[in-house]
Amino acid sequence: MKTVDLSRFQRSRESTVEAGGHVFTLRRPAALDVVRARAAGAIDLDFAFGYVVGWNLKESDLLPGGDPEPVAFDAALFKAWVADQPELWSDLATGVMEAYQRHEEAAENRGNA
């Protein structure tokens, strides 16, 4: 019998979006997440930013005079950094919602809606 662990399952929900010359990894929201957020009137940037789970940023992208070395993704650091990057907000939010819509359309086409 095959097993699928949570990490593998979560990776299957990931896609990437380019914004501001960087590549961000997004994890598609689950249907329940979207329903709850809609009911609370909370489909907003904070909702979308919670589904960004990776990036290709370097220290120099984050810190003036930083090294040109890749930086490991950290959700709290991302949220603090992206708060000062309004040029990214639309692309990231759109990427998250499009990932959800693609999933919904694929499920509907398979008859799994």
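**The strand pair**

Mentor: Six bridges join strand 1 to strand 2, and the two run antiparallel. Strands are DSSP runs of E with at least two residues, helices are runs of H or I with at least four, and both are numbered from the N terminus. Two strands pair if DSSP finds at least two bridges between them. This is a predicted model, where local features need pLDDT of at least 70, side-chain atom pairs count only at pLDDT 80 or more, and totals for chains, interfaces and linings use all residues. Residues are numbered from 1 along each chain as its sequence is written, and side-chain values use heavy atoms, leaving out hydrogens and water.

Within the pair, S15 stands opposite L26 of strand 2. The hairpin has two residues between its strands, and G20 there takes a positive phi near 60°.

Now the side chains. The structure holds one salt bridge, meaning a side-chain nitrogen of Lys or Arg within 4 Å of a carboxyl oxygen of Asp or Glu. E14 forms it with R27, and the closest N and O atoms are 2.8 Å apart. E14 belongs to strand 1 (residues 14-19) and R27 to strand 2 (residues 22-27), so the contact ties together parts 13 residues apart in sequence. Side chains of opposite charge can pair when their charged atoms come close.

E14 is partly exposed, at 29% relative accessible area. The classes are buried under 20%, exposed over 50% and partly exposed in between, with a 1.4 Å probe and protein chains only.
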